[in-house]
Amino acid sequence: MKKYRLSYPESHCCGRWNYTLRSDGSICLHEFHGSQEEVHIPESFLGRPVTALSRCFSVGDHAQIVIIPPTVERIGANAFFFDDNLEAVLIPPQVAWIDE
């Protein structure tokens, strides 16, 4: 099955992250660009809390473990769908919403 990445029209890139600013002033992350096997989602980014991981969120082909901080409250549909080498995602109990 061929996988297609969706684009985010209002997304920005800073360092290794693609993100959008949410209406409440927090950050929603879309994608990580790096070659780490263990990816730590930051609690804050650009001085704002990271509260969401977008639909089709991806950490790339090298990541095997993802650690999500307690600031994240929402994880979008098909998050990690493109991450074929991913073995574990550590999700804190503060995550109130995980879509499909």
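1. Let's start at Ser58: a polar atom of its side chain lies 3.3 Å from the backbone nitrogen of Gly60. Ser58 belongs to strand E6 and is buried, at 1% relative accessibility.

2. A word on the model: it is predicted, so local features need pLDDT of at least 70 and side-chain atom pairs count only at pLDDT 80 or more, while totals for chains, interfaces and linings use all residues. Residues are numbered from 1 along each chain as its sequence is written, and side-chain values use heavy atoms, with hydrogens and water left out.

3. Strands (E, at least two residues) are DSSP runs, numbered from the N terminus. Buried means under 20% relative accessible area, exposed over 50%, and partly exposed in between (1.4 Å probe, protein chains only).

4. Next, have a look at Ile75, in strand E8 (residues 74-75). Ile75 is buried, with a relative accessible area of 4%. Beyond its neighbours within four places in sequence, Ile75 is in contact (heavy atoms within 4.5 Å) with residues including Leu53, Ile68, Ile91 and Trp97.

5. Finally, the backbone. Most residues other than glycine have a negative phi. Leu46, not a glycine, has a positive phi of about 55°, and lies in the loop between strands E5 (44-45) and E6 (48-58). Asn78, also not a glycine, has a positive phi of about 60°; Asn78 sits in the loop between E8 and strand E9 (88-90) and is partly exposed, at 36% relative accessible area.

Key:
Helices (H or I, at least four residues) and strands (E, at least two) are DSSP runs, numbered from the N terminus. A polar contact is a pair of N or O atoms within 3.5 Å; within protein, one must be able to donate a hydrogen and the other to accept it, and residues adjacent in sequence count only if both atoms are side-chain atoms.
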